[in-house]
Amino acid sequence: IRKLTMEITTRDAITVLHGVGFGAFLLLGFSGVMVILLSSSVAGHPWTAKERRYGGYYLGGMAVLAWAAVLVGAYVIYPWYRAIAPAGTVDLSGYPQRLLMSNPTTTGWHDIGMEWKEHIAWFAPITMTALTYLFVKYGPQLPRFRGLRNAMLGLAAIAFVSTAVAGLFGAMLNKYAPVRGGSELIIMKAKTND
């Protein structure tokens, strides 16, 4: 009889929550953002107050997701990524930034990937918050103000692109230098008759 376990570390779990939980749901939610913005601004299709309220809740939820992804990434995961290895450390797997910088073939993932990721990611929550405010404040007038509609669509595009770029770089960085450590969480235990 052999015992099998499925385990994940706390840092892995928080990284998954950050990327798959917050980031992926945020990316998926942008289709709803576009539906809300386009359908609420069509002349001859007036939204009821209830529909506008739900649209505002949806956009507000997207802004909350964006802030959650960025804040967890910046203040929880990023310090683990930048941890400084003690002098003489040979195994750099617990120090992702140093691991990437130790090899000329992966240093670009830090120099370009992480530098872009850590800055561009902030555009998503800022633009989603602005978009939510504009929708709540000017929602009923959207069919009449083409310039405002276009500006809101532009904000949504900026939020989407910044989320996608940050997510892509995050996935690639996690592939080459994952943030590991912390206590182990056992997800499942099983026994086999091997």
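Predicted model: local features only at pLDDT ≥ 70, side-chain atom pairs only at ≥ 80, totals over all residues.
What volume does the largest pocket have? About 750 Å³. Hi everyone, let me walk you through that.

Residues are numbered from 1 along each chain as its sequence is written, and side-chain values use heavy atoms, with hydrogens and water left out.

Now, the words "pocket" and "cavity". Both are found on a 1 Å grid over the protein atoms alone: a cavity is a set of points where a 1.4 Å probe fits but cannot get out, and a pocket is an open set with protein on both sides within 12 Å along at least five of seven lines. Lining residues have an atom within 4 Å of a point. A volume is the space filled by probe spheres set on the points, which are joined across faces, edges and corners.

Back to the largest pocket. It is lined by 36 residues, and the closest to its centre are His18, Gly19, Lys117, Ala166 and Gly170. Two or more lining residues come from each of H1, helix H2 (49-81), helix H4 (107-120) and H6. Helices (H or I, at least four residues) and strands (E, at least two) are DSSP runs, numbered from the N terminus. H1 provides the largest share, ten residues. By class, the lining has 22 nonpolar, ten polar and four charged residues. Here Ala, Val, Leu, Ile, Met, Phe, Trp, Tyr, Cys and Pro count as nonpolar, Asp, Glu, Lys and Arg as charged, and the others, Gly among them, as polar.

Finally, the structure holds one salt bridge, meaning a side-chain nitrogen of Lys or Arg within 4 Å of a carboxyl oxygen of Asp or Glu. The partners are Asp12 and Arg180, at 3.1 Å, N to O. Asp12 lies in helix H1 and Arg180 in the loop between H6 and strand E2 (184-192), so the pair ties together parts that are 168 residues apart in sequence. Asp12 is buried at 15% relative accessibility, whereas Arg180 is partly exposed at 47%. Buried means under 20% relative accessible area, exposed over 50%, and partly exposed in between, with a 1.4 Å probe and protein chains only.
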